[in-house]
Amino acid sequence: MVRKSTVPTPLDAATSVRMRRQPRTSTKPELALRRELHRRGLRFRVNHPDLPGRPDVAFSRAKIAVFVDGCFWHRCPQHGTVPRNNREWWQAKLDRNVARDRAKDAALAELGWTVLHVWEHEAIDAAADLVQAEWRRRVTTIGR
């Protein structure tokens, strides 16, 4: 029995090379959020290797995982687009990204973690406010 691969095949080698060059960690929006959280006195782990999906920011004690999602790669409802060239391939690729996001969210929730997603276009102060509010809520709940 031959199994069909669920991984879309790129149109050409150049596309594969371009995709491999895309930064996966420490993107500009991630760095900006981390700087702001650190400035506020919050301490965290970066790309925690023991957690599903390796969250961009993880607060171990409060069990909060934060992902900074790129608008293109994670299908932002406001800015997400699908390229016209090789549309079916991109559609499958982006669908797979979103499905993987939901799977890692579920795996983290099963472990008792709260998952927050921040879009790359969000204002850093607003994103940091959201994370800090959840951190405070979780820390005060744990302390009881």
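Two strands are said to pair if DSSP finds at least two bridges between them, and helices (H or I, at least four residues) and strands (E, at least two) are themselves DSSP runs, numbered from the N terminus. By this rule, β3 (residues 64-69) and strand β4 (residues 114-119) run parallel and are joined by six bridges, with D69 standing opposite W119 of β4. This is a predicted model, in which local features need pLDDT of at least 70 and side-chain atom pairs count only at pLDDT 80 or more, while totals for chains, interfaces and linings use all residues. Residues are numbered from 1 along each chain as its sequence is written, and side-chain values use heavy atoms, with hydrogens and water left out.

Strand β3 also pairs with β2 (residues 57-59), this time antiparallel and through three bridges, and here V57 stands opposite V66 of β3. Four residues lie between the strands of this hairpin, where K63 takes a positive phi near 55°. Six of the six residues of β3 are buried, a term that means under 20% relative accessible area, whereas exposed means over 50% and partly exposed lies in between (1.4 Å probe, protein chains only). I64, V66 and V68 point one way from the strand, and A65, F67 and D69 point the other way, yet all are buried.

Helix α2 (residues 28-39) contains E36, and the buried residues of α2 pack against β1 (45-46), β2, β3 and α4 (124-142). Those buried residues are P29, E30, A32, L33, R34, E36 and L37. An α-helix has 3.6 residues a turn, so residues three or four places apart point the same way. E36 counts as buried because its relative accessibility is 10%, and E36 touches I124, D125 and A128, not counting residues up to four places away in sequence; such a contact means heavy atoms within 4.5 Å. After α2 comes G41, whose phi is positive, near 90°.

I142 belongs to helix α4 and, at 42% relative accessibility, counts as partly exposed. Leaving aside residues up to four places away in sequence, I142 touches R61 and A62. I142 and A62 are 80 residues apart in sequence but 7.4 Å apart in space, C-alpha to C-alpha.
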